[in-house]
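Colleague: I've just opened this one and I'm a bit lost. Could you walk me through how to read it?

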Amino acid sequence: MTRAIPTSIRLRKFAVALLLAAAPAAAPRAQEIIPFSEIHAGMKGTGRSVFSGTRVEEFQVEVIGTLENIGPSRNLILARLAGGPLAHTGVIQGMSGSPVYFGGRLAGAVAYTWGFAKEPIAGITPIQEMLAIEDQERVQSPGRPRASAPVAPGRPGLGLLRDPARLAAHFASYFAPFATPATAGTTALAPIATPLLLSGFSDRAVQQLAPGLDPAHLVPVQSGAAPRGTAATDTTLSAGSAVGIQMVRGDIEISAICTVTYREQDRVMACGHPLLNLGPADYLMTAAMVHGQFPSIMQSFEFASTGAEIGVFRQDRTTGVFGYLGRRPRMIPVRVELQPDRGRPRRFAFDVVDDPFLTPYLVYAALNGVLSSEEKSYGDLTLAYRKGTTIQIAGQDSITLENLFAGDMAPQYASGTIAFLVQVLLNNDDRPARIEGINLLLGYSDERRTAWVERAWVDRDHARPGDSLQVSALIKPFRGPAVTRQMTLEIPHEVPPGRLLLQVGDGIALARIEEESEEFRPRDLEHLIWLINHLRSFDRLYAVLTRGDNGIIFRGERLPNLPPSVARIMVRPDTRGNEQRLLFRGVAEESLQTGYALSGFKQLIIEVED
């Protein structure tokens with residue numbers, strides 16, 4: 001089902017990158033830089049940016065004043081801009097990084113503004129502060145520690161999957177930590193919001209993603225590929241050029257747009273403010289083309305598209321992004337095959353940047369893009385992970401997934417589940433996990449395949465060790481006749497006499513009950529993968545026998561049936577750390593496939609006799 005991007009296209013794109021690396025560009029040498037200390041009100045100069053196509057145009061700049069120490073070792077130049085479309089649009093989202101010159105010397109980059117401004121007034125980041133990013137790149141340790149998206153400490157984080165309704169909320173608030181405190185009116189100076197170009201997304205998908213991206217100053221905009229013979233074949237990159245920061249490429253594309261502040265040989269600085277301020281980064285750098293502007297009272301933005309792959313951005317810092325031409329980032333291939341009940345399968349291929357923080361969200365957003373564009377937006381539907389759905393991890397067993405999601409939120413559940421598993425893997429406590437690829441086989445139906453467990457019973461409620469129980473359940477599908485499903489459950493020979501609890505129902509209900517009495521902390525990456533591969537499916541009917549226990553979970557290991565005195569010593573009352581009491585212990589379990597997303601739960605008592 002996998003479909004790789006053709007080698008000829010990759011070679012052609014990389015050849016463009018080599019040409020770019022050799023192209024001449026103005027370098028901000030010491031004598032060409034004007035320090036912040038020399039900037040004063042009334043100075044006039046010019047800026048460079050792209051307002052249409054790929055042609056760099058000049059605009060006028062007049063200094064209003066300077067702000068010293070707006071942050072630790074941070075200064076800002078306040079200026080009024082004029083020329084081009086700026087009188088009509090004001091400061092434009094996408095022109096972040098536009099270089100500003102006084103007397104031919106580089107002063108900094110347009111990077112900040114205010115919402116609802118009546119004039120194109122901007123904050124300019126001094127160039128000395130931007131150049132410090134290159135110093136951070138030079139001293140970066142070989143391991144390049146990345147920003148992470150940790151799950152709750154002390155837990156594998158898999159509990160979120162026990163309530164799929166929470167997945168959409170989790171990714172909707174993914175960038176909430178980036179939000180700045182609310183301020184009165186619109187007086188807060190903020191980085192110019194960055195257009196986030198989404199290619200392959202429906203308008204509904206863009207609208208759904210927009211609120212969650214707002215705290216990170218990212219504005220999602222529907223986009224497409226650049227016309228042939230424009231950005232895709234451009235071999236020049238200079239100060240003022242539009243540049244793409246691409247995070248997903250292929251049939252689905254997600255890219256931010258900024259402006260190049262300076263270029264020296266193969267080194268490129270852009271934006272003048274952070275994309276996300278994640279520190280060490282590995283974003284794909286692309287050429288870009290501006291199609292026009294959308295004037296707005298709040299803040300105007302550019303319509304743009306990305307072109308050829310030309311390099312990589314290695315740093316994402318407070319004062320800008322920094323990278324190299326002619327180099328390539330590592331990306332994770334994702335291959336999706338939609339298998340509808342009727343019609344031919346449809347295949348999609350895209351690659352996602354390899355980043356512990358960004359990758360999970362990008363997988364979620366890209367899968368939503370595929371589903372929103374290919375299937376209906378409203379109404380009942382069912383999606384299923386089919387056999388062959390895997391997450392491949394270097395040096396480890398693959399994650400294999402089979403599950404079913406039904407109802408209005410099925411697309412969010414299907415995309416959110418696999419994205420959250422990626423988050424748990426990339427941010428595990430043991431050691432880095434290298435994901436080699438994701439293959440997703442998604443069955444699709446326009447029907448709502450849900451069912452309710454109405455009743456459960458057994459052929460007898462008294463048994464002996466070694467006996468077999470016939471467990472039956474009455475299942476009522478949505479708008480369908482009730483059906484009876486049966487399975488055989490064997491009582492182990494070693495079970496002592498006493499009362500057993502038989503739980504019959506769906507995987508989510510059982511998982512929630514287990515969560516109340518047990519918490520597993522994975523011992524290592526291998527154990528985490530094992531736990532993921534043994535997650536319960538929502539389309540299976542489970543029958544689980546349990547009995548009371550006096551054991552504990554100690555550092556991820558079960559220690560069952562401890563003497564009460566030992567259990568009390570090892571776990572003090574009312575504490576919840578690496579050691580937890582075991583109130584119940586599983587004795588036997590069986591399950592069967594139903595073809596429905598099940599809900600409903602029943603409990604029965606079984607007496608085991610001598």
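This is a predicted model: local features need pLDDT of at least 70, side-chain atom pairs count only at pLDDT 80 or more; totals for chains, interfaces and linings use all residues.

Colleague: Which residue in strand 24 is the bridge partner of Ala 451?

Modeller: That's Pro 477.

Colleague: And what is the order of the strands in the open sheet of four?

Modeller: The order is 25-24-22-30, and the pairing is mixed. Strand 25 (483-490) and strand 30 (597-599) are the edge strands, each pairing on one side only. From one strand to the next, the twist averages 35°.

Colleague: Okay, now strand 5. Which strands does strand 5 pair with?

Modeller: Strand 1 (residues 44-52) pairs with strand 5 in the antiparallel sense over two bridges, and there Thr 46 stands opposite Tyr 101. Strand 6 (residues 105-113) also pairs with strand 5 in the antiparallel sense, over four bridges, with Pro 99 opposite Ala 109. Strands 5 and 6 form a hairpin with two residues between them. Look in the turn for Gly 103, which has a positive phi of about 60°.

Colleague: Where do the side chains of strand 5 point, and are they buried or exposed?

Modeller: Pro 99 and Tyr 101 point one way from strand 5 (residues 99-102), while Val 100 and Phe 102 point the other way. All of these are buried.

Colleague: Let's move to helices. What describes two packed helices?

Modeller: In general, you give the angle between their axes and the distance between the axes. Here, take helix 7 (residues 410-426) and helix 9 (residues 525-533): their axes come within 11 Å and cross at roughly 165°. Angles over 145 degrees count as roughly antiparallel, so helix 7 is roughly antiparallel to helix 9. The crossing is right-handed.

Colleague: Which residues make that contact?

Modeller: From helix 7, Leu 421, Val 424 and Leu 425; from helix 9, Leu 525, Leu 528, Ile 529 and Ile 532. Sorted by kind, the contact has seven nonpolar residues, no polar and no charged.

Colleague: One last stop: how far apart are Gly 498 and Val 608?

Modeller: In sequence they are 110 residues apart, but in space 5.2 Å, C-alpha to C-alpha. Gly 498 is found in strand 26 (residues 498-506) and touches Ile 606, Glu 607 and Val 608, leaving aside residues up to four places away in sequence. Because its relative accessibility is 28%, Gly 498 counts as partly exposed.

Key: Residues are numbered from 1 along each chain as its sequence is written. Side-chain values use heavy atoms; hydrogens and water are left out. Buried means under 20% relative accessible area, exposed over 50%, partly exposed in between (1.4 Å probe, protein chains only). Two strands pair if DSSP finds at least two bridges between them. Axes are lines fitted to C-alpha atoms, for helices over the stretch in contact, and angles run from 0 to 180 degrees between N-to-C directions. Angles under 35 degrees count as roughly parallel, over 145 as roughly antiparallel, 65 to 115 as roughly perpendicular and the rest as oblique. A crossing is left-handed if the near helix is turned anticlockwise from the far one by less than a right angle, and right-handed if clockwise. Contact means heavy atoms within 4.5 Å. Ala, Val, Leu, Ile, Met, Phe, Trp, Tyr, Cys and Pro count as nonpolar, Asp, Glu, Lys and Arg as charged, and the others, Gly among them, as polar.
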